Amino acid sequence: MESITVKTSSKQYPVFIGKQAIDTLPNFIESHVSKANKILIITDEKVATLHLEAVQAVLAATGKQVFTHIVPQGEYAKTFDVYYECQSYCLSQQLNRKSLIIALGGGAVGDLAGFVAATFMRGIPFIQVPTTLLAHDSAVGGKVAINHPLGKNMIGAFFQPEAVIYDLNFLATLPEQELRSGFAEVIKHSLIADRDFYHWLMTNIQDLTKITDEQFFKMIKRGIEIKAAVVEEDEKENGVRAYLNFGHTLGHAVEASMGYGKFTHGESVLIGMVYALKLSQKKQQLVFEYNSFVEWVQALGYRTTIPKHLKIEQLLQLMKTDKKSVTNSATFVLLEQVGAPLLAEMADEDLLNEMANFIER
Ligand SMILES: NC(=O)c1ccc[n+]([C@@H]2O[C@H](COP(=O)([O-])OP(=O)(O)OC[C@H]3O[C@@H](n4cnc5c(N)ncnc54)[C@H](O)[C@@H]3O)[C@@H](O)[C@H]2O)c1
Ligand SMILES: O=C(O)C(=O)C[C@@H](O)[C@H](O)[C@H](O)COP(=O)(O)O
Ligand SMILES: [Zn+2]
């Protein structure tokens, strides 16, 4: 079992990573959240069928009252309606300021449950129990949110968990498409922070269904270390945290204009990263083996173009209203080198011209 400590200005907490990490949950609750008189697990329909029983069994050892609230899968969980139902459930079961929420699932469940915890009675403790590869990113760092039709994660908070308990056994049931989604954020972490890690990924990962336990462990640990270092420096995104948004300016615009849930988050971000890499070559003279990168990700099953029914003017509008934007132009994360990101305000014309090259033929 590996433990990484995340030290933000608002909270310090552990991330336990390993097989059977879930077994640490009762002890952690006993030693750190002992006053929690009621525990609410928030999970989704699919994870409930696969892993809920195991978590309920472990929690039985706490002797506390355990409730479960099941929400829809994926982005359908990150809506105002589902958020409202969660709050109603908390109130109807008389949860109080000493209660604890456990987010059991991927990033959608974590973002939703974290936002419920952040806002119920102005904030109660929560623990992230991630079940996807993608959640090496979402469970760490305290961004919690729901979506709005006008933009991804527009309604949310910065609210750190008490702990992240990452049981790698849960990953065994992930379908390939979800591995692909999560692996995109692993690639992102490597591109913004660690050239050697990027080369290791390119050399070793050729088939997402054949990732070994050791490889999962390495990519999750390194991804979390990179994310934690950024969040420790800039918890509330006043500066460098925006680098974690590499690929997301176009990625979020694609997700929103496709309709949330049509493309996975990681697949959309991957399109956004390919686009940002091209812009980086043009605007920052990034020296990068672009063609090999595109061949590699296409062989892994990613699409690298914008679906042709999407309107580039609408995508531009969404990019300009992204949270990073403070003027009337879109702000992009570009790379000067692999491992050296920067923020750049982009002219509409440059973005439109380049998007036209990215529309699927
Ligand atoms: N807060 C952050 O910092 C942050 C970072 C990255 C992404 N995100 C958000 O995370 C979300 C995407 O994350 P995700 O893909 O993990 O989300 P998810 O919760 O939607 O999970 C993806 C799908 O996999 C299923 N699933 C989950 N665990 C499984 C398992 N072990 N076996 C089989 N199926 C399983 C879920 O039911 C769902 O259908 C997006 O909403 C994105 O915006 C947030
Ligand atoms: O933690 C961050 O900061 C990130 O940007 C991580 C992203 O992978 C993640 O998708 C995040 O939810 C995006 O945040 P947003 O503020 O652009 O909605
Ligand atoms: Zn993301």
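Ala, Val, Leu, Ile, Met, Phe, Trp, Tyr, Cys and Pro count here as nonpolar, Asp, Glu, Lys and Arg as charged, and the others, Gly among them, as polar. By that scheme, the shell around ligand 2 holds one nonpolar, four polar and six charged residues. This is a predicted model, where local features need pLDDT of at least 70, side-chain atom pairs count only at pLDDT 80 or more, and totals for chains, interfaces and linings use all residues. Residues are numbered from 1 along each chain as its sequence is written, while chains are lettered from A and ligands numbered from 1 in the order in which they are written.

**Ligand 2**
- A residue is near a molecule if its C-beta atom, placed from the backbone, lies within 6 Å of it.
- Among the residues surrounding ligand 2 are Asp 137, Lys 143, Arg 241 and His 248.
- Ligand 2 lies between domain 1 (2-173) and domain 2 (176-358), because both give residues to its shell; the domain bounds come from an automatic or database domain assignment.

**Ligand 1**
- Of the 31 residues around ligand 1, Lys 46, Gly 106, Gly 107, Ala 108 and Ser 138 come nearest.
- Two or more residues each come from α2 (45-60), α4 (107-119), α5 (135-138) and α6 (176-193); helices (H or I, at least four residues) and strands (E, at least two) are DSSP runs, numbered from the N terminus.
- Helix α4 gives the most, with four residues.
- The shell around ligand 1 has eight nonpolar, 14 polar and nine charged residues.

**A strand pair**
- Strands β1 (residues 2-7) and β2 (residues 12-18) pair in the antiparallel sense over six bridges; pairing requires that DSSP finds at least two bridges between two strands.
- Ile 4 has Val 15 in β2 as its bridge partner.
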